[in-house]
Amino acid sequence: MLPVAGAAAGAPQLLRDHYAYLFKLEAEGLLYGAGPVNFEPAGPSRDLAIVAAASPEEALRIAEGEPFHRAGRHLNSIRAHTMNEAVACYVGRAMSERAVARGDSFEPDAGTTNLSLEALTARAANVELFLIHLAPTDKPRPPEDTRTSNAHFVWLRENEMSARLMSCGPVPAAAPLPPGVWGGGLAVVATSRAEAERMASDEPSGQAGYRVLSVDAWRLDFGLAAPIAAALKTLNLLDAK
């Protein structure tokens with residue numbers, strides 16, 4: 001959810017409608033997590049939501065029904081993402097299976113949520129997480145290089161077992177990649193920025209030059225994964241003391 005350049009700031013009612021929309025998605029079991037990325041109180045918010053949907057068409061309808069997008073303040077777009085590993089990926093899988101089973105039925109109307117802005121704000125989890133983006137480079141991985149692939153999966157499992165890695169999996173490229181080029185991905189981690197950056201620097205495909213890894217802060221406000229995020233964050237902060 002990207003802010004539109006030059007758009008006027010949203011009124012409190014619009015922010016309430018945005019939060020009510022996220023609350024509705026969470027209540028219907030469709031919202032894994034949502035909140036601002038690299039949040040700056042004085043500037044426009046760039047947000048990310050991870051949703052489960054029965055189809056790309058339903059995902060697009062969810063994105064376009066969001067109040068900031070409808071008001072012309074945000075430009076929302078969708079990308080596919082598959083959760084394969086880590087502590088909370090099983091929540092994402094269960095949400096995805098349920099979304100497919102219930103069918104393409106979401107109605108983008110938050111009017112049924114009668115909570116005030118103050119009540120909705122009080123429900124926000126406000127858990128600071130970090131996103132590790134794994135972006136492909138143009139360096140192909142030769143078929144004989146199985147060591148890097150194996151080391152990547154060891155990296156995933158070690159960070160999962162240490163309760164730092166919430167979820168991780170591929171994000172398909174907008175256009176087909178050349179043969180041998182390793183695709184991109186997204187990891188959600190519940191730890192400190194310093195630890196997230198260390199994790200990114202230790203990731204084997206990045207060290208081998210097949211990917212470039214970067215870290216963004218993500219404040220998880222709403223979503224079914226919020227309680228897991230809060231628990232993991234607390235565990236890791238206790239370990240850091």
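Start by selecting strand 5 (residues 127-136) and strand 8 (residues 211-220): they run antiparallel and are joined by 10 bridges. Strands pair here if DSSP finds at least two bridges between them; strands (E, at least two residues) and helices (H or I, at least four) are DSSP runs, numbered from the N terminus. This is a predicted model, where local features need pLDDT of at least 70 and side-chain atom pairs count only at pLDDT 80 or more, while totals for chains, interfaces and linings use all residues. Residues are numbered from 1 along each chain as its sequence is written, and side-chain values use heavy atoms, leaving out hydrogens and water.

Click on His133, whose bridge partner in strand 8 is Ser214.

Now move to helix 2 (residues 56-65) and pick out Glu58, Ala59, Ile62, Ala63 and Gly65, which are buried (under 20% relative accessible area, with a 1.4 Å probe and protein chains only). Show helix 1 (12-27), strand 3 (46-51), helix 3 (67-70) and helix 4 (89-102) as well, since the buried residues of helix 2 pack against them (heavy atoms within 4.5 Å).

For the last stop, select Leu48, Ala49, Arg79, Ala80 and His81: of the 47 residues lining the largest pocket, these lie nearest its centre. Among the elements that give two or more residues to this lining are helix 1, helix 2, strand 5 and strand 7. Strand 3 gives the most, with 6 residues.

Methods: Buried means under 20% relative accessible area, exposed over 50%, partly exposed in between (1.4 Å probe, protein chains only). On a 1 Å grid over the protein atoms alone, a cavity is a set of points where a 1.4 Å probe fits but cannot get out, and a pocket is an open set with protein on both sides within 12 Å along at least five of seven lines; lining residues have an atom within 4 Å of a point.
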